[in-house]
Amino acid sequence: MSDAVFTGGCQCGAIRFKVSGEVGIASICHCRMCQKAFGNYFAALVDTREAELVWTRGELKHFHSSNHVRRGFCGSCGTPMTYEADDGVAVAAGAFDDPSQLRPVVQFGIEGKLPFVDRLHELPGRHTMDDIAAAPFLSDIISYQHPDHDTKVWPPQRGEPEPDNKEGKA
Ligand SMILES: [Zn+2]
Ligand SMILES: [Zn+2]
């Protein structure tokens, strides 16, 4: 897809990674295994086979979902992170610091596609703060999510400046 450097990590910040070089295509997989592994209607993954993938903080835990594939995730917060097969590793698109750079270009496993997925864009939409009356805790929420950039120290130590935690939601 592009010759650049991408960073990312899990929600809690225990796992961080860097992908550089020829980052491959981003894709959606509808197969039942990806639904389970991501706890979602489908998985979004970025091919890193032609790139250099470095884990810059922490170590993934793995579950072998089959005899050929294992799934990497953060053992501290549970964020799904990888799909790892004999021919390479794909990294969860939403784990990248800027997933907007990773537009998916193909769908896999469409035999497992859930019937309503093609109509998600038709659903009524609400901004998070539209629900402030029903969820007043939103007014003073403090995110513990790792920010969308690398950090020297995480979690922040006492006396350290607060991270920019405006970008996450609950
Ligand atoms: Zn984590
Ligand atoms: Zn799949």
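Over residues 6-111, the chain of this predicted model is 7% helix and 49% strand, with its end C-alpha atoms 31 Å apart. Helices (H or I, at least four residues) and strands (E, at least two) are DSSP runs, numbered from the N terminus. In UniProt, an unreviewed entry places the feature "domain: CENP-V/GFA" at residues 6-111; UniProt positions follow the numbering used here, feature names are shortened, and annotations may be inferred rather than shown by experiment.

Residues are numbered from 1 along each chain as its sequence is written, and chains are lettered from A and ligands numbered from 1 in the order in which they are written. As the model is predicted, local features need pLDDT of at least 70 and side-chain atom pairs count only at pLDDT 80 or more, while totals for chains, interfaces and linings use all residues.

Strand E6 (residues 61-64) runs antiparallel to strand E7 (residues 70-73), joined by 4 bridges; strands count as paired if DSSP finds at least two bridges between them. Lys 61 stands opposite Phe 73 in E7, and 5 residues lie between E6 and E7 in their hairpin. E7 also pairs with strand E8 (residues 80-85), antiparallel, over 4 bridges. Here the bridge partner of Phe 73 is Pro 80. The E7 and E8 hairpin has 6 residues between its strands, and Gly 78 in the turn has a positive phi of about 90 degrees.

Finally, the domains. The assignment gives domain 1 (2-114) and domain 2 (124-170), bounds that come from an automatic or database domain assignment. Their C-alpha centres lie 23 Å apart.
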